[in-house]
Amino acid sequence: MSEATKAPAPRPAPSAAAEVEALKGEALAADDRHLQGMWRVVFELMAGGMALYYLYSAGFGSQRAEWHLGVYVMLTFAMVFLNFSWRPGRAKTRPNPVDLVLALASIGVAGYFMHQYEAIAYRIGRETQLDYAVASIAVLLSFEVGRRTLGWALPIIALALMAYAYYGPYMPDLIAHRGYTLRRIVNYAYLTPEGIFGLMANVLATYVIVFIFFGAFLNRSGVGAFFIDLALAVSGRAVGGPAKVSVLASALMGSISGSAIANTVSTGALTIPLMKRTGFRPETAGAVEASASIGGMFLPPVMGAGAFVMVELTGIPYLTIMLVSIVPALLYMLSVWVAVHFHAKSLGLKGLPAAEIPGLGKVLRERWFFALPLALVVTLLVLGYSPGFAAFWGTVATVPTSWLRRETRMGPAAVWRALVDGGRQTLVVGTTVGLIGIMLGMISLTGLALKFTTVFLSLSSGSVLLAILLVALASLVLGMGMPVTASYLVVAVLAGPALVELGIALLAAHMIIYWLSQDSNITPPVCVSAYAAAAIANADPWRTGWASFKYAKMLYVMPLLFAFTPILFTTGTWDHVLVTWFSATLGTIAFGALTVGYLRRSTTVLEWAGLAIATFLCYHPTLWSDAVGVGLVAALWVFQRRFELTFRHGLRRLDGGT
């Protein structure tokens, strides 16, 4: 029986636990108030009420558009002002009068939008002074929500775009425009479907938060412990067992959480201490967990929030995006797995003792039914139902499923806690809704996307490879100040059309941007998943971030495969696609060894160069290049083996001579 079954999963040290809680969410600030008394009740009523409202909408049809969007923005803003203090280090157990005024103002501006929705639509271009006043308050509230939870970076970017809209005539000719008054800018950000109540709010309220509620119910019903024990049973005995458990558990948990940071915290609390205990350095243990947790952003059925944004931007059904993502996501997890294997081999690390590993048959026999809600969601998606509808019924199914095991039965109190957890977790992405709406509004108002496409095509000189490098650079820079979803959305709006102009298929172009936007989770100086893992591992965050970058290099390889091979089945025939998948698998295995610089032993510079050539040949989607690449890897392995035998023979002769 596993440790997770015998006793509660190991916890981080108190100081680390506090850091982990502070880092939950995509760069959420570390000043969560931990409300007490009446204010805790008020907050939980808001969070639970949000969950009930949007679960009902997902299952039985949403309310009118203004209510669907307005309630979400209203509750998100109000919960932020109740739960986050105005300045780091000022956290208390209750909001102050200013916070209450701002929370009430949030309710007021969202209420005005809902009440005046039809009237506003009729008077677009003839807005009243009251419209302007309310719009100004809404914009200021959006900035304060973003500042409190995400710091200054995102508000500064949004402010820069507003300044660009105002000072358009004074910009360089390539990006100049006629300019707009402050009144026009503010009204556009609040009153039009391009702004605060626009695309981002619609995606979050319609798709993303419903899957967040689903994940919260799954965690309360015991699915997390089932996945971790399943990972232990499958890979606990292998070389570097705990690290491989981390990869597999992160894949399983990531398929339902869709959040790298939540995945890191939930699985890392168990896997990181296990890795450290078996010989991994703290930085390496944190890096493996952070790198593996990113895979959850790609792995169906519940991918990251960006996947639902992709649905809205491209018009491609979520089922299609989900299906084409399976092979790339598995290849990413394979790349981390192989790199971990060779790293463990280089250190001579073994697996866990048999006494600590549960039997696979026992785990499946006793808890197989925990996979039923997930299977239901997949089935409904395949049958053509909407993602929100599938997530609703998956959420409902977790309650009766939990009753099949005494230890996990969810009563009314547990159901309410799951609703509150889900509502609280929506702040992970919800805090960006106002600022991202403003940014998209400014891009639409000024026509910046079209201008950026022209500049982008000029800089890339028609080179697809150079264009991908520019997208990678843009994603890295924006990722330093934006959460992953926001970074993807902005880059997709600006650079997506340019990639399509260069001949890349629409789906492939967005997949390239989506994958490259994930590096903000693990690439220093801003790498929130790596920082969360470092907190659990009691490791240096900077070193953990760079180590994570080492294990997650597949983030930069896969976009090249999207652009130059039919791995997404956007082009080519079935036989070509199958050869591509086979080649990519071989290339990923070779790439894992290349990343670590180890085969039978650490590679020399020349051996590493040979391994790099072999990796490139394996990735090239033809059988002859695969054969040459595999042959080259085999030759290197034999060479290292013969060298090793010769060395041992020489040592024995020396020993005999002495």
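**Exercise 1.** How many cavities of 30 Å³ or more does the structure hold? Describe the lining of the second largest cavity.

*Solution.* The model is a predicted one. The structure holds 4 cavities of 30 Å³ or more. The second largest cavity contains about 40 Å³ of space. Its lining consists of Ser 335, Ala 339, Lys 550, Tyr 551, Lys 553, Met 554, Phe 591, Gly 592 and Thr 595. At least two lining residues come from each of helix H16 (318–347), helix H28 (541–551) and H30; H30 gives the largest share, 3 residues. Sorted by class, the lining comprises 4 nonpolar, 3 polar and 2 charged residues.

**Exercise 2.** Characterise the second largest pocket by volume and lining.

*Solution.* The volume of the second largest pocket is about 300 Å³. It is lined by 13 residues, of which Val 557, Leu 560, Leu 561, Phe 616 and Tyr 619 are the closest to its centre. Helices H29 (554–564), H30 (574–596) and H31 (605–619) are the elements that contribute two or more residues to this lining. The lining of the second largest pocket has 10 nonpolar residues, 3 polar ones and no charged ones.

**Exercise 3.** Determine how helix H11 (residues 223–235) is oriented against helix H17 (residues 360–367).

*Solution.* The two axes come within 8 Å and cross at roughly 155 degrees. Because angles over 145 degrees count as roughly antiparallel, H11 is roughly antiparallel to H17. The crossing of H11 and H17 is left-handed. H11 contributes Ala 225, Phe 226, Asp 229, Leu 230, Ala 233 and Val 234 to the contact, and H17 contributes Leu 360, Val 363, Leu 364 and Arg 367. These contact residues divide into 8 nonpolar, no polar and 2 charged.

Conventions. Residues numbered from 1 in each chain as written. Predicted model: local features only at pLDDT ≥ 70, side-chain atom pairs only at ≥ 80, totals over all residues. Heavy atoms only, no water. 1 Å grid on protein atoms, 1.4 Å probe; cavity = no way out; pocket = protein on both sides within 12 Å on 5 of 7 lines; lining within 4 Å. Points joined across faces, edges and corners; volume = space filled by probe spheres on them. Helix = DSSP H or I, 4+ residues; strand = E, 2+ residues; numbered from the N terminus. Nonpolar A, V, L, I, M, F, W, Y, C, P; charged D, E, K, R; others polar. Axes fitted to C-alpha atoms, helices over the stretch in contact; angles between N-to-C directions. Parallel < 35°, antiparallel > 145°, perpendicular 65-115°, else oblique. Left-handed = near helix turned anticlockwise from the far one by under 90°. Contact = heavy atoms within 4.5 Å.
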